[in-house]
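Subject: Structure handover

Hi,

Here is the structure I promised to pass on. Have a look at it first, and my notes follow below.

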Amino acid sequence: MTAQAVAFGGSSLEPAAASDALLAVTGLSVEYLTPRGPARAVQDVSFSLRPGEILGLAGESGCGKSTIAHATMRLIKDPGFITAGSIRFRDVEVLNMSSGALRDFRWRRVALVSQSAMNALNPVLPVGTQIVDALMAHERIGRRQARRRAEELFELVGIEPRRLRSYAHQLSGGMRQRSIIAMALALNPEVLIMDEPTTALDVVVQRDILQQIEDLQARFGFAILFITHDLSLLVELSTRIAVMYAGRLVEVAPAEELLMRPLHPYTKGLMNSFPSIDGANERLEGIPGAPPDLVSPPSGCAFHPRCPSCTGEDRSLYRLQTSSRPELQEVAPNHWVACHLYR
Amino acid sequence: MAVAEQSSVVMDVQGLTKHFPAGRSSLLGGERRFVHAVDDVSFSLHRGEILGLVGESGSGKSTIARVLSGLYPATAGQALFHGQDVLKLRGRRRMLGYRSRVQMVFQDPFGSLNPVKTVAYHIERPLLIHHRTKRGSATRERLYELLRTVGLTPPEDVAAKLPNQLSGGQRQRVSFARALAVNPEVILADEPISMLDVSIRMGILNLMGRLRQEQGLSYLYITHDLASARYLCDRIIVLYAGHLMESAPAEELMREPLHPYTRLLLTAVPKPRQRQGRVRVEARGEIPTVVSPQPGCRFANRCPNVMDRCRVETPGVAEVRPRHFVRCFLYDVPSVEGRSAPGTGVGNG
């Protein structure tokens, strides 16, 4: 994995090319046009999602993680553009899909649950009506059948079916997010993309919903791309974790491995940013500085201005860190890292 | 309740209660109804102490901070700051005097700074207002000193910047510099890190800890995040639906939580170090909004240990171990008379 990045496709085929992948993203780049120039929100990102897997995507706000979710659903809108890359679902290129194919792809194949969805429910219609209408628009079923399906879905996510008659404002935040999850599951999707699904919720409700997601996943076997800033949550939940910084993947590893042996200095810094309620109450330092501006990111490795390993003591290493971008490399089985320390 | 006999008590809060009007029970008159945001909360804050107020949204934690800072009038109770009840302060001069000793830092560093004013403006303003100094080299020097204290260097450069030229963490440091400008004894910090990027949160918590060490500041640290409260605080108070449920030294609360609600909270927090052997959370439901409360424990409907008594009597708060207070009938606590806390005088009669 030493090939240089090329305009399309990219080089660092992380675990992507895996043949059993449900969803394979390769060399994805997305830009947003801003008055100051293009913001490179996602650059040359490759990953794959396998059947039944929970892949965690961790990163801070502005690192491009939600853009990946939107790009995968082909929801990027002007002034945002997918400038390079490929997104294949079961070997069909999503970026080439016709609007008809896209209609079948979205929701039926891949469903999205986002943080803001719970606030996007129509306030003047009962939630049940919204679910029934959506079901009837996508499936050839009658209203009564759709109604029955909606009741099943509500039971599935732990809401009493009579709540279908409620309006959004009559439901708590937790129940609104559950009804969004119920809608996402309505057509038995193979992939669920969850973008900060529990961030706005209180900790007990969050835990309850996460348990529910795990149960449903075990029962129906869909794969999940779970996106959050909360690495401590991902470590518990995910099969594998991808860590993102300034639009790029900097480390990908099985969750257990990432917890025990984080390699990238950014991942280590993140691990050092979450106080815990168990174990010793050690001093944590977080990471100095602030996440970079994606319009004019730092040269070389985008993390180098904040990196504790970028000291300049080793001149040739320093030159690399500040001028050359590290590629993702597999440094241990299934453990990928983009860092000059692991050349 | 909490140990108030020591002389190092800076603020002593007793029976703090805040009800918000919630309309009437029917369109044609009916009884006036009130949301019981905070009911009968008592605690004391000592010099150099960091006291955590922890709860979910709707627990009343932010309301307490707002009442103590004078943003809301209290419904009942008292808050003695060096012996003077600050809930009864009237008049601009007295309020100014209090605010020069008790400052507040808010959650949103984007909303709490004026976008068209420089950093220097924000920090010099309290100097000019409270110390009645004139703009000049002394004020400048103090401004630079404050910026250095909160880790914003070089101060000459930072002072000239506008808020949108700073990162979220830097803005929150400006908020702390502004609070420190008047040499306060107490800072009421309401979720100061929850809107910041995760990698810079520890920097702000460590800054708070350092200011306590260097300047003997006391904090009321208000948060929904038990882990950060444990990291920073000496003692933690757990609130639920406006009631104090438990209060204990931070480490003891983590090790030996007594209240079923505290246990639920601790179980729900992500524990990355224990990927295996996680305990399932079984308590369903969410925190209620308390309007015209009936007698009974406010957590009873979700409590795994609920007893018949919990639904008809309201448990009081008692010190069941040294410095460890709890409001739960599983322990030897008294029952509260009537349907709401003493001194509230409001209910649905």
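Let me start with the interface: 50 residues of chain A are in contact (heavy atoms within 4.5 Å) with 39 residues of chain B. Before you read on, please note that this is a predicted model, in which local features need pLDDT of at least 70 and side-chain atom pairs count only at pLDDT 80 or more, while totals for chains, interfaces and linings use all residues. Residues are numbered from 1 along each chain as its sequence is written, chains are lettered from A and ligands numbered from 1 in the order in which they are written, and side-chain values use heavy atoms, with hydrogens and water left out.

Between them, chain A and chain B bury about 4000 Å², with 49% of it on carbon and sulfur atoms; buried area here is the accessible area (1.4 Å probe) that two parts lose on being put together, summed over both. Val204(A), Glu236(A) and Ile277(A) supply 19% of the area that chain A buries against chain B, more than any other three residues.

How many salt bridges are there between chain A and chain B? The count is 0, where a salt bridge is a side-chain nitrogen of Lys or Arg within 4 Å of a carboxyl oxygen of Asp or Glu. Over all chains, the same rule gives 31 salt bridges.

One of these joins Arg207(A) to Glu236(A), with the closest N and O atoms 2.9 Å apart. Arg207(A) lies in helix H6 (residues 203–220) of chain A and Glu236(A) in helix H7 (residues 231–237) of chain A, so the pair ties together parts that are 29 residues apart in sequence. Helices here are DSSP runs (H or I, at least four residues), numbered from the N terminus. Both Arg207(A) and Glu236(A) are buried, meaning under 20% relative accessible area, with exposed over 50% and partly exposed in between (1.4 Å probe, protein chains only).

Glu160(A) also forms a salt bridge, with Arg162(A), at 2.7 Å between the closest N and O atoms. Glu160(A) is partly exposed at 44% relative accessible area, and Arg162(A) is partly exposed at 48%.

In chain B, Glu145(B) pairs with Arg142(B) in a salt bridge, the closest N and O atoms being 3.4 Å apart. Both lie in helix H4 (residues 137–149) of chain B, 3 residues apart, about one turn of the helix. Glu145(B) is partly exposed, at 42% relative accessible area, whereas Arg142(B) counts as buried at 18%.

Best wishes

How values were computed
Helices (H or I, at least four residues) and strands (E, at least two) are DSSP runs, numbered from the N terminus.
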